[in-house]
Every structure is written in C-alpha cells, then in structure tokens.
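Keep the model open as you read.

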Amino acid sequence: MANWTTASKRMLSEVMSAETWLPTEMPEYAQGFMYMLGSLTASSFVVLVLSGILLAMNGPASWSYNGAMRFIAAVHFWGVQAFFFFMMLHLWRVFFTGAWRGGRGLTWLLGAIAFLIAIPTAFTGFLINGDLYSEWNIVQAKDGLNAMGLGWVNLANSGQMFGMHVVVLPLLLTVVIALHITRVRTKSVVPPYPNVKVKSPAEQGGTQP
Ligand code: HEM
C-alpha cells in the first residue's frame with residue numbers, strides 16, 4: 001500500500017528527472033507562439049527580479065539621482081508592463097484551449113494564485129514610489145483594506161510596504177510560479193480540443209422549427 005514515503009519518492013523522482021526538464025520532443029501543437037506566452041511571462045518575471053535586486057541593493061535615493069539607476073528603475077517598470085501583458089495573453093490562451101483538462105486543475109489553480117499574488121506585488125511597488133500618485137493610492141486603498149478586516153496591512157507604513165514588495169510577496173510569487181512550471185513540466189501542455197463538426201439541423205436531415 002502506498003504511504004507518504006513511497007508517494008513522495010514517486011513524486012520526487014518525476015520532478016527531479018532530466019526527462020521532465022529537458023524533453024527532446026515537443027508536441028507539434030505546442031510549437032506556436034500562443035504556447036510561448038507563459039515562458040514570456042516567466043522571462044519578464046526574471047527581468048523583474050534581477051532589476052529589483054539591483055534597486056533594493058542601492059536604495060530608494062539611487063534611482064532619483066543616478067542616471068544608471070534611473071535606467072534600472074525604468075527596466076523594472078517596463079518589466080511589470082510586459083509581465084502583466086504576457087500573463088493576460090497567457091490566461092486567454094489557457095482559457096480558450098481549456099488547459100485545465102486532463103488532470104491539469106492544479107496547474108490552473110497555481111496559475112490563478114500567481115495572478116492573485118502578482119496584483120498586490122505590483123500595487124505595493126506603486127505605493128513605495130513616494131510620489132503624489134502613490135499617496136493618492138495609499139489614501140484610497142487603506143480604507144478598503146480596513147473595511148475588509150485587513151487593518152494590520154498599513155499602506156501608509158512605507159517600511160511595511162517595502163518589506164512586502166521586496167521580500168514577502170516576490171518570494172511567495174517565485175515559489176508559486178516555480179510550482180506552476182513544475183506542474184506544467186510533469187503534466188505537459190494540454191492537447192487541443194478535438195475537432196468536432198457541429199451539424200446544422202438541415203445537415204442532420206431534420207426540419208427547421
Ligand atoms: C505568473 C504568471 C504565470 C507564469 C509565469 C506562467 C507560466 C506558464 C508556462 C511557462 C506554461 C507552459 C505553456 C505555455 O507557456 O503556454 C504554463 C502553462 C499553463 N498555465 Fe500558466 N503561467 C502564469 C499564469 C497563469 C494563470 C493566471 C493561469 C490560469 C488561471 C495559468 C494556467 C496555466 C495552465 C492550466 C497551464 C498548463 C496547460 C497548458 O499549457 O496547456 N497560468 N504557464
């Protein structure tokens with residue numbers, strides 16, 4: 001009978017196998033651009049993490065006064081635009097190809113959770129800009145969070161927002177994206193819907209009402 005040890009052993013041997021991560025064959029339907037959108041989302045996330053590390057290392061003053069750091073801040077900003085743009089297109093692709101089919105429900109769920117974590121990650125980033133736009137957002141959103149019983153999240157506390165944006169949320173997002181992609185590798189990409197032609201009543205030999 002399967003127990004925790006044998007189940008974990010089976011799962012780990014699948015997750016850690018070179019066959020899972022370095023497949024030499026790919027189904028034909030997965031070669032189109034629409035199937036690259038998830039990887040483009042993941043690549044944008046890598047750009048975000050790398051530019052974010054440079055920003056955090058040099059501190060908030062650096063990108064206001066130093067040209068090179070201003071460039072890194074711009075890369076971080078455009079990285080976010082690319083990340084959400086590709087994620088939305090990827091979401092449409094997985095929706096219209098019914099990518100939850102064939103035991104891929106958990107892959108779908110992990111993607112949806114990544115999406116839900118990405119929103120506050122981006123939002124806390126806007127809040128620590130410190131300009132009028134972020135102040136307006138802080139004032140508007142803090143009452144909403146209070147009303148939801150999340151009063152411990154103090155949007156006006158820039159230290160808390162900095163920690164959330166730089167450490168807590170990106171780490172969570174990294175873990176969820178890693179699990180999502182691991183799941184895609186073990187479950188593979190969903191095959192297209194079968195091409196079933198729906199016959200009209202006339203073609204079926206019936207009469208029109
Ligand atoms: C952080 C954002 C996300 C990243 C980095 C990401 C990454 C990926 C990658 C690399 C794939 C492989 C196939 C492909 O590239 O199209 C994939 C597949 C998949 N994604 Fe995502 N994804 C994200 C968000 C989402 C969201 C929001 C959903 C849905 C709610 C989702 C659902 C799925 C499903 C069900 C598959 C597997 C089946 C298939 O590819 O046909 N993903 N994802």
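Predicted model: local features only at pLDDT ≥ 70, side-chain atom pairs only at ≥ 80, totals over all residues.

Residues are numbered from 1 along each chain as its sequence is written.

Eight residues from domain 1 and eight residues from domain 2 make the contact. Two residues are in contact if their C-beta atoms, placed from the backbone, lie within 7 Å.

Look at the side of domain 1 that touches domain 2. The elements giving two or more residues there are α3 (37–58) and α5 (67–96). Helices are DSSP runs (H or I, at least four residues), numbered from the N terminus. α3 gives the most, with five residues. By type, this side has seven nonpolar residues, one polar and no charged. Nonpolar here means Ala, Val, Leu, Ile, Met, Phe, Trp, Tyr, Cys and Pro; charged means Asp, Glu, Lys and Arg; the others, Gly among them, are polar.

Now turn to the largest nonpolar core. It has 17 residues, and Phe83, Ala114, Leu173, Val176 and Ile177 have the most contacts inside it. Such a core is a set of buried Ala, Val, Leu, Ile, Met, Phe, Trp, Tyr and Cys residues joined through C-beta atoms within 7 Å; buried means 20 or more other C-beta atoms within 10 Å of a residue's own. α8 (158–187) is among the elements that give two or more residues to this core, and α8 gives the most, with six residues. Both domain 1 and domain 2 give residues to this core, so it lies between them.

Key
Buried ≥ 20, exposed ≤ 12 C-beta atoms within 10 Å, placed from the backbone. Domains from an automatic or database assignment.
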